Amino acid sequence: MLVLSRQRDERIVIGDEVEVVVVDIRGDKVRLGIVAPSTVSVHRKEIYEAIRRENQDAAGLRGELPRIAASAAGSDAARRLAQQQLDGPRGAHREIA
Amino acid sequence: MLVQTTRFGNVQVDESRLLEFPAGLLGFSRSRRFALLQPDDRGVFFWLQSVESADVAFVVTDPCLWDRDYAVTLRREQATELGLAEGMTPQLLVIVNRRDHGITANMQGPLVIHPIRRVGMQVVLADRRWTTRHELVSVSPAARAATA
């Protein structure tokens, strides 16, 4: 791993398009600004990892939907959906569902 | 077109109705095209089935059905990438998971979809109010025993 020392307001360039700037340093906390094209996603690692893990975990569900649906029956969401179907679907729902 | 799935066998879907996630989902960057399968007309859950990988499928639901306050704020470049015009409301879906105590949804990583182009992305929300395991339904121990 490359380790660089930087002071406040100094920058690091990664490739042609990504820049990292040290915005502020206070005690053990560093605030970083990141300039990157929209095609490069930038996330706090722990949040990114949590979502990736959750995706992988959720992909393990098998034929459990009937059971899930059964336990959701009678919930507020089910009632709201029923109401929505009475009212007629919204445009976005009609497109997708 | 015919989509092969490990859960439902071969499923016939209208190709024009597929959802495309150009960047895939986090941890599933190779799954880009999905079919939204609706098990029954009255259900609140759908299967998001990968076209490329027969064994990749997620249970999803519309988060707005569960919490009327739920909203996703996109950065300008994210909206541009999806082709969302100003004031256009995207379709939202969240991935559902089953726990011992009930059902949770990943409200921190919603799928945001252009309702007409049918192109989407998984967004990571900075708002700490929403978690990856937001409880949708809590199952009582008695009900759990009955369905086990």
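In this predicted model, Phe21(B) and Phe34(B) are both buried. The two residues form an edge-to-face pair, because their ring centres stand 5.7 Å apart while their planes meet at 85°, an angle over the 60 degrees that the edge-to-face class requires. Phe21(B) is placed in the loop between β3 (19-20) and β4 (33-37) of chain B, whereas Phe34(B) belongs to strand β4 of chain B, so the pair ties together parts that are 13 residues apart in sequence.

Phe34(B) also takes part in an aromatic pair with Phe58(B), for which the centre-to-centre distance is 6.5 Å and the angle between the planes is 50°, a tilted arrangement. This pair links distant parts of the chain, since Phe34(B) lies in strand β4 of chain B and Phe58(B) in strand β6 (residues 57-61) of chain B, 24 residues apart. The relative accessibility of Phe34(B) is 0%, and the residue therefore counts as buried; Phe58(B), likewise with a relative accessible area of 0%, is buried, the cut-off being under 20%. Together with Phe28(B), the residues Phe21(B), Phe34(B) and Phe58(B) form one aromatic cluster. Over all chains, the structure holds six aromatic pairs.

With regard to chain A, four helices and three strands are assigned, and their order along the sequence follows the pattern β-β-β-α-α-α-α. Of the 97 residues in chain A, 26% are buried. Among the contacts in chain A that join residues at least 6 apart in sequence, 2% are between residues at least 24 apart.

The largest pocket has a volume of about 1,500 Å³. Its lining comprises 46 residues, and those closest to the centre of the pocket are Ser41(A), Val42(A), His43(A), Arg44(A) and Arg75(B). Two or more lining residues are given by each of β2 (18-26), β3 (29-35) and α1 (45-58) of chain A, and likewise by α2 (76-82) and β10 (120-122) of chain B. The element that gives the most to this lining is β3(A), with six residues.

Definitions and conventions: Residues numbered from 1 in each chain as written. Chains lettered and ligands numbered in written order. Predicted model: local features only at pLDDT ≥ 70, side-chain atom pairs only at ≥ 80, totals over all residues. Heavy atoms only, no water. Buried < 20%, exposed > 50% of the residue type's maximum accessible area, 1.4 Å probe, protein only. Contact = heavy atoms within 4.5 Å. 1 Å grid on protein atoms, 1.4 Å probe; cavity = no way out; pocket = protein on both sides within 12 Å on 5 of 7 lines; lining within 4 Å. Points joined across faces, edges and corners; volume = space filled by probe spheres on them. Phe/Tyr/Trp six-rings, centres within 6.5 Å; stacked < 30°, edge-to-face > 60°.
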